Amino acid sequence: MTPATESIGATGVRTYLLSLKGVSKAFGANQALSGVDFEVDAGEVVALVGDNGAGKSTLVKAIAGVQLCDEGTFYFNGVPMKISSPQDATRLGIATVYQDLALCDNLDVVANLYLGHELFANGIGRFGFFLDETGMERRSLELMDSLAVTTIKDVRVNVGSLSGGQRQAVAIARSLLGDPKVVLLDEPTAALGVSQTEQVLTLIGTLRKRGLGVVVISHNLENVFAVADRIIVLRLGRRAATFDVRGVSREDVVAAITGAEFGLHADTAKESV
Amino acid sequence: MSAQQETPASVRGMGDIFRGLGRKLAAGEAGPLLVLLMVGAIWTFFQTQNPRFLSPGNLTNLMLQQAAVATMSIGVVLILLLGEIDLSVGAASGFCAAVMTVLMVLHGVQPVLAVLAALATGALIGLFNGFMVTRFKIPSFVVTLAGSLTLVGLLLYILGDTGTLNLSNNFVTALTSTFFPPLVGWAVAVVAIALILATALAGRSTRSKAGLKVGSLGGMAFTVIAIAAAIIAMVFVFNEDRGLPLVVCIVFAFALVFAYVTERTRFGRHMFAVGGNAEAARRGGIKIEHVRLLVFMLGSTMAAAGGILAASRLMAVNQSSGGSDLLLMAIAGPVIAGTSLFGGRGSVWSALLGALVIGSIANGMDLLSLASSVKYIVTGGVLIAAVTIESITRMRRHSTLIE
């Protein structure tokens with residue numbers, strides 16, 4: 001992995017896998033983000049939390065290249081980059097799993113994993129646009145296996161008949177096919193039952209072990225504490241606080257989200273990184 | 001369950017197959033089987049009413065009658081898979097057949113060129129429909145309904161004062177009046193069965209070579225034997241009458257090509273994706289507008305092909321070509337045979353099965369010389385019943401999903 005993980009250079013500035021500096025975005029008179037910094041490192045799970053309207057989605061859309069921000073600089077491994085389209089983000093190795101998962105219920109797991117990126121058979125099959133079904137199926141099984149997704153035994157079953165947790169697993173697995181470095185997960189545990197949530201959290205742990213930078217947006221603090229290394233709190237379009245998950249209580253995070261203790265000027269004072 | 005374990009492997013294999021079929025039937029997944037049961041029931045009923053129904057002559061006529069509808073239905077299936085509809089296939093078939101006939105009869109164009117011109121006209125009609133749907137986001141039923149009216153007008157216009165153009169004996173009429181001698185029929189059957197067996201075995205061997213799960217050998221044997229039996233029975237029946245009709249081969253060739261395209265190619269996969277979740281397909285990088293445009297073109301081209309076959313059988317094109325209940329039959333067939341009206345679910349083979357069901361009912365009622373009033377009512381009733389069954393199984397699928 002990148003040596004940057006724990007390296008603090010001579011200047012004392014860490015180089016992150018992905019970092020954003022001073023991101024601002026306004027929708028008319030509404031300042032959705034103002035001067036937000038954000039960073040995620042390889043092999044790290046960062047939870048992005050905040051109340052509705054705090055700017056979480058806007059920030060993620062900016063990283064995914066879906067919605068451009070007005071100001072701000074993106075650094076990839078310390079190198080300034082420009083993300084002005086979803087293709088840019090994909091090329092840099094940023095994959096996003098949206099809350100609606102974007103799965104085709106009428107197709108099986110294999111077809112969904114390779115949706116839009118189907119493999120062709122070799123030889124004469126390529127000439128006839130023949131799909132390489134066995135190849136795709138084999139690789140799908142390998143992928144599921146490498147992610148330790150044990151709940152999906154049959155990759156030929158229609159996605160429509162899978163449970164919420166399994167569907168989330170398929171969507172996350174699909175995002176990994178492009179071999180990304182950073183994965184953004186939008187509310188991956190929303191509307192899931194207890195055991196299903198457990199499966200998804202385990203999967204997020206697997207992503208971290210693979211050395212990916214993972215960004216999780218969640219409203220569920222219990223899940224955030226279960227899976228995240230760092231918690232970044234957004235409030236009213238600003239970065240209100242950053243916590244290391246080991247040294248913080250739920251009450252502190254809730255307070256930062258609601259602004260109960262900190263007020264507007266407490267940004268840096270309480271940062272524990 | 002100890003008793004079950006003692007049964008010999010072969011018997012258990014068969015038992016598993018039937019249990020599996022029962023489960024699939026209940027879950028609404030065994031569409032083709034359900035339709036075959038429906039055909040069996042219809043045939044039994046009409047046979048008891050009129051013993052001429054299942055005679056080789058009548059069954060051959062049934063196939064000849066339905067060839068045009070089945071061809072059009074193949075195109076309709078493609079459009080239904082996207083979750084769209086084309087209400088202009090009837091009128092398009094009539095107009096394209098008229099284009100062909102006018103070119104041949106009035107302008108002395110070579111038959112082959114005239115046929116190609118008719119197919120190209122179909123493609124252009126589809127291009128227009130697809131363009132309106134993708135560019136201006138007009139619901140396809142509105143575009144194609146308007147298109148249908150226009151095409152009827154164009155048909156009347158190019159037929160001119162006479163209103164009817166007769167096709168003399170030539171290339172086009174030969175399409176539906178050519179029958180192969182018995183030996184050729186059997187040869188076709190042998191080749192077809194050999195190909196099916198070879199494909200099934202090759203598929204198995206690739207899968208096992210790649211280290212993937214293969215289905216039970218018994219299940220494969222059951223399917224292959226069932227299809228082989230159907231082919232042998234068909235050729236036998238045809239040979240008892242005038243022989244294997246060329247048009248049946250044409251329709252099966254169309255079905256094979258489009259079954260291949262929809263089930264085995266990337267374009268086919270994209271069709272299912274667009275029909276299942278267009279937004280997901282778009283985010284996956286699929287050019288959904290291109291898929292829609294091309295499918296509308298294919299649909300109308302198949303309508304043109306159906307129109308040509310209809311004109312060939314009628315040996316004429318007239319003012320009612322492509323009219324009457326042709327549109328209803330072409331769309332109802334695949335829906336009866338399990339292709340969803342909501343997109344993403346269905347098969348090209350449902351076009352053939354559906355045409356068989358509707359054709360059997362129409363043909364049987366003709367034999368009983370029932371009034372048209374009764375025929376319309378019965379056909380409509382069957383359609384409603386089929387769509388209701390589809391809807392119920394769909395709801396069941398959803399309820400299992402929520403659990």
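**Asn129(B)**

I looked up Asn129(B) and found it in helix 6 (residues 111-136) of chain B. Helices are DSSP runs of H or I of at least four residues, strands are runs of E of at least two, and both are numbered from the N terminus.

The model is predicted: local features need pLDDT of at least 70, side-chain atom pairs count only at pLDDT 80 or more, and totals for chains, interfaces and linings use all residues. Residues are numbered from 1 along each chain as its sequence is written, while chains are lettered from A and ligands numbered from 1 in the order in which they are written.

Is Asn129(B) buried or exposed? I note it as buried, because it has 28 C-beta neighbours inside 10 Å. The cut-off for buried is 20 or more other C-beta atoms within 10 Å, with C-beta placed from the backbone.

I then listed contacts (C-beta atoms, placed from the backbone, within 7 Å). Beyond four places in sequence, the partners of Asn129(B) include Asp86(B), Ser88(B), Phe296(B) and Ser300(B). I also checked Ser372(B): its C-alpha lies 33 Å from that of Asn129(B), at 243 residues apart in sequence.

**Sheet in chain A**

I traced an open sheet of six strands, order 6-7-8-3-9-10, with mixed pairing. Strands pair if DSSP finds at least two bridges between them. Strand 6 (94-97) and strand 10 (238-244) are the edges, each pairing on one side only.

Strand 6 runs parallel to strand 7 (residues 182-186), over four bridges.

Note on methods:
A residue is buried if 20 or more other C-beta atoms lie within 10 Å of its own, exposed if 12 or fewer, and partly exposed in between; C-beta atoms are placed from the backbone. Two residues are in contact if their C-beta atoms, placed from the backbone, lie within 7 Å.
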